[in-house]
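Subject: Handing over the structure

Dear colleague,

I am passing on a structure for you to look at, and below it I have set out what was found in it. Please keep the structure open while you read, so that each residue can be looked up as it is mentioned.

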Amino acid sequence: MLVNEQAAEPIRVVVTGAAGQIAYSLLYSIAKGDVFGKDQPIILVLLDIPPMLPVLDGVVMELQDCALPLLREVIPTDKVEVGFKDIDAAILVGSMPRKEGMERKDLLKANVAIFKTQGAALDKYAKKTVKVLVVGNPANTNCLIASKSAPSIPKENFSCLTRLDHNRASSQVAMRCGVSSDKVKNVIIWGNHSSTQYPDVHHAKVNVHGTETPAYDAVKDETWLRGDFISTVQLRGAAVIKARKLSSAMSAAKAICDHMRDIWFGTKEGEFISMGVYATGNSYGIPEDLIYSFPVEIKNKTWKMVDGLPINDFSRAKMDATAAELVEERDTALDFLSQ
């Protein structure tokens, strides 16, 4: 039987740090169609540093052995001109991890160099419509540096991952209320993907027995919501490392998939999600030249900040504190960038 429909053109997706453990949890979901759609063929480009190339060959073998119909080609490389050529979506997972005894500014300096190179390569080789998601930490500032190093790609095309924090917050509220996590919507992560982030449930809703209830009314425990809930979400990454002796990979990969799928297909009507985006033109008094996590709605691959949510004094102080940390990070990073 002749099938008349034209198969979709493959899209090119690059994942950096592709030999690492987050990528190992992520690549299967992308190649299977969980992110860009069940009928969207994919060319996967795997970028990592030269010493990781033998490991990358093993990852390529495994992807081949998954026998995935949407996966048209897998390209392992250590060269940015190959890695970023004609890319539709870039997921920048690779970064310099913090080593013991390392000063935060040393970490920033190492990452400025990495993300300056990758931003410049995106600028030179990628499609101008590319959607860039920065995961490698410090994610907000790395994202800012990448964007500044890619002046010909619209600033709106750059975002950083705070969806893991968002999912952590949703899940904590859901468990507390004894409902499944899909019954919680519109939690917000404000600010930096660090321990100063502010998980905010003042605007969240919980579906309890079919009725949408404000989270504060559903949880009925203000002390927890303003105390342990916030610190649990802020420090969850460290708690996972302490327990597993490895950083969150499965949950990080799931959050990356959620973030990219929402960019591709949009958010549900009446729902917003959190992601780190340029603060330009925000209505919340956050300094402009920052990548800061806001509530956003997405339609036609374009995000729009949710404006005009009432902010109380408790929230204001926490939003300003995480902004202050980001300003300091940015200023340090821009010093390195100009050297």
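Which of the 25 residues that line the second largest pocket lie nearest its centre? Before the answer, please bear in mind that this is a predicted model. The residues nearest the centre of the second largest pocket are Arg 163, Asp 182, Val 184, Lys 268 and Glu 271.

The second pocket

The second largest pocket holds about 590 Å³ of space. Two or more residues of its lining come from each of helix 6, strand 7 (184-185), strand 10 (205-208) and helix 11 (250-265), and helix 6 gives the most, with five residues. Sorted by class, the lining of the second largest pocket has 12 charged, nine polar and four nonpolar residues.

As background, the strands of a sheet pair through backbone hydrogen bonds, and the pairing may be parallel or antiparallel.

The largest pocket

The largest pocket has a volume of about 1,600 Å³, and 48 residues line it, with Ser 95, Met 96, Pro 97, Gly 136 and Asn 137 lying nearest its centre. Several helices give two or more residues to this lining, among them helix 1 (21-32), helix 6 (163-177) and helix 12 (313-338), while helix 4 gives the most, with five residues. The lining of the largest pocket divides into 21 nonpolar, 19 polar and eight charged residues.

Helix 4 has 22 residues, and from its first C-alpha to its last it reaches 31 Å, which is close to the 32 Å expected at 1.5 Å a residue. The buried residues of helix 4 include Leu 107, Leu 108, Asn 111, Val 112 and Phe 115.

In an unreviewed entry, UniProt lists Arg 98, Arg 104, Asn 137 and Arg 168 under "binding site". These residues span 71 residues in sequence, and their farthest two C-alpha atoms are 24.9 Å apart, so they do not all gather at one spot. Even so, the lining of the largest pocket takes in Arg 98, Arg 104, Asn 137 and Arg 168. The unreviewed entry also places the feature "domain: Lactate/malate dehydrogenase C-terminal" at residues 162-336, a span that is 46% helix and 20% strand and whose end C-alpha atoms lie 25 Å apart.

Backbone details

With a relative accessible area of 35%, Asn 137 is partly exposed, and a cis peptide bond, with omega of about -5°, joins Asn 137 to Pro 138.

Asp 86 lies in the loop between helix 3 (80-83) and strand 4 (89-92), and its relative accessibility of 34% makes it partly exposed. Lys 301 likewise has a positive phi, near 60°, and its place is in the loop between strand 13 (291-299) and strand 14 (302-305). For comparison, most residues other than glycine have a negative phi, and most peptide bonds are trans.

The cavities

Two cavities of 30 Å³ or more were counted. The largest cavity has a volume of about 60 Å³, and its lining includes Lys 301, together with Lys 131, Glu 156 and Trp 303. The second largest cavity has a volume of about 30 Å³, and helix 5 provides the largest share of its lining, with three residues. By class, the lining of the second largest cavity has four nonpolar, two polar and one charged residues.

With best wishes

Note on methods. Residues are numbered from 1 along each chain as its sequence is written. This is a predicted model: local features need pLDDT of at least 70, side-chain atom pairs count only at pLDDT 80 or more; totals for chains, interfaces and linings use all residues. Side-chain values use heavy atoms; hydrogens and water are left out. UniProt positions are given in the numbering used here, feature names are shortened, and annotations may be inferred rather than shown by experiment. Helices (H or I, at least four residues) and strands (E, at least two) are DSSP runs, numbered from the N terminus. On a 1 Å grid over the protein atoms alone, a cavity is a set of points where a 1.4 Å probe fits but cannot get out, and a pocket is an open set with protein on both sides within 12 Å along at least five of seven lines; lining residues have an atom within 4 Å of a point. Grid points are joined across faces, edges and corners, and a volume is the space filled by probe spheres set on the points. Ala, Val, Leu, Ile, Met, Phe, Trp, Tyr, Cys and Pro count as nonpolar, Asp, Glu, Lys and Arg as charged, and the others, Gly among them, as polar. The expected span of a helix is 1.5 Å times one less than its number of residues. Buried means under 20% relative accessible area, exposed over 50%, partly exposed in between (1.4 Å probe, protein chains only).
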